[in-house]
Amino acid sequence: MELSLNSMLYAFSRGLDYVEHDLVGISSHHSKRVAYICALLGEQFGLNENEKSDVVGCALLHDSALPEYIQEEANQGNEVLKSKRTNMARHCVIGEEYAKQIPFHGNVDNFILYHHEAADGNGIIGKKGDEIPLGASLIHLGDQVDAIFHLSAVSDEKYSKIADFIKRQTGKLFAPSQAEAFLDIFHSKESFMYMIDREIDNALNKTLPLYHENYSPEQLVSFASFFARIIDYKSRFTRDHSMGLAKKADAMSNYYHFDAEKKAQYYLAAALHDIGKLAVDSNILEKPSGLTPAEFTAIQDHAWISYSILSEIDGFQPLGSWAALHHEKLDGSGYPFGLTAPELGFEERLMACLDIYQALVEKRPYKDGMPHEKAIGILDKLAVAGRIDGDIVSDLNKGFGG
Ligand SMILES: [Fe+2]
Ligand SMILES: [Fe+2]
Ligand SMILES: [Fe+2]
Ligand SMILES: [Fe+2]
């Protein structure tokens, strides 16, 4: 399938920004700003187009392991969202592992692993100087500056604070040549204007135009596992949900004899269907009961956010609709758009049925998985009520009924 990797990562980075915002209060478009800083610095350091796009990709994903890391800390009883973070290096280690699933052009080893390393060796793993690849230190520089100064708005006063900070940290946080290059490129308040929310997409597109490449079905499956793992770690309540749904989507793709290409596409769409959950407050996602109407709406918003994030990916239709319309119902009672039967194709209907089935049969901390027959009973009732597709429900029964 022809896909634009950078457009896919740009879109995904929006989901990641929500998570990083919860953790350290960064502003929206943070990952894109880090990516943009890396692209400009990379140019200055003579990177070719492929190298530049690799460092941009890693910059977009620099904190992709935060959801998993937050869960790890929570499992040890640590209040990661407040202050006590015992093992920050873990998000670098896990993030590095994740990046191996993405088909970059060249070698990006340690770009994410060392994205919190300081030039003087006082970073969180303790690497220094030549041990840190250029990609990692560029990400580190961009990440630090945007996290501290929120580059979405830069006044004259803020500009001098940034310049002071970079100068003071030269040789400490940042290698002298990189600090110098940064001050060269960002030499005035105006030079930060390309990074305001309204401009950053344009600025990135000019620096690194969207490129399209052909990805094999195996590569699509690898993307899918990458995204599903991150999304599933957003909440311990739904830890196997996206992966579980993707596997069931795959089984039904076999049942319906989709070809290899379509099977991989459907698997990817299933893996991404709840990407909007990255934007929903984990406390609401994990509230055991008694959601207020506002909290209920906040949860439902995930479907619209999934749609919006996936719509940003260049050339991603119809996969975006297969994925994001999974809460629509044939009688118009679903969300986010309240579409009706004629507007919902077979793939959307199948995803909707699979999503309900998966949610019923999966085990969660507060419930056991429901047996197949009982789950099909519930789906049947929904079909009789005209909300989901009865033919598909009977196919699910045949497909999963043992
Ligand atoms: Fe980080
Ligand atoms: Fe960051
Ligand atoms: Fe959903
Ligand atoms: Fe779901």
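Student: In which kind of crossing, left-handed or right-handed, does H1 pass H14?

Tutor: Right-handed. The term is used when the near helix is turned clockwise from the far one by less than a right angle, and left-handed when anticlockwise. This is a predicted model, in which local features need pLDDT of at least 70 and side-chain atom pairs count only at pLDDT 80 or more, while totals for chains, interfaces and linings use all residues. Residues are numbered from 1 along each chain as written, chains are lettered from A and ligands numbered from 1 in written order, and side-chain values use heavy atoms, without hydrogens and water.

Student: Why are H1 and H14 called oblique?

Tutor: H1 (residues 5–24) and H14 (residues 293–311) pack at about 140 degrees, with axes 7 Å apart. Under 35 degrees would be roughly parallel, over 145 roughly antiparallel, and 65 to 115 roughly perpendicular; the rest is oblique. The pair therefore counts as oblique. Ala11, Phe12, Arg14, Gly15 and Tyr18 of H1 touch Ile305, Ser308 and Ile309 of H14 (contact means heavy atoms within 4.5 Å).

Student: How do you know which residues are donors of the iron ion (ligand 1)?

Tutor: A donor is an N, O or S atom within 2.8 Å of the metal (3.2 Å for Na, K and Ca), and sites may look incomplete because water is not among the atoms. Asp63 (OD), His91 (NE2), His115 (NE2) and His116 (NE2) lie at 2.2 to 2.3 Å from the iron ion (ligand 1).

Student: Why is the arrangement around the iron ion (ligand 1) irregular?

Tutor: Four donors are tetrahedral if all angles lie between 85 and 135 degrees; four are square planar, and six octahedral, if opposite donors are over 155 degrees apart and all others between 65 and 115; anything else is irregular. The 4 donor atoms here subtend 81 to 174 degrees, so the arrangement is irregular.

Student: What of the site of the iron ion (ligand 4)?

Tutor: Also irregular, with angles of 81 to 172 degrees among 4 donor atoms. His241 (NE2), His273 (NE2), Asp274 (OD) and Asp355 (OD) lie 2.2 to 2.3 Å from that ion. Asp274 coordinates both this ion and the iron ion (ligand 3), the two being 3.4 Å apart.

Note on methods: Axes are lines fitted to C-alpha atoms, for helices over the stretch in contact, and angles run from 0 to 180 degrees between N-to-C directions. Helices (H or I, at least four residues) and strands (E, at least two) are DSSP runs, numbered from the N terminus.
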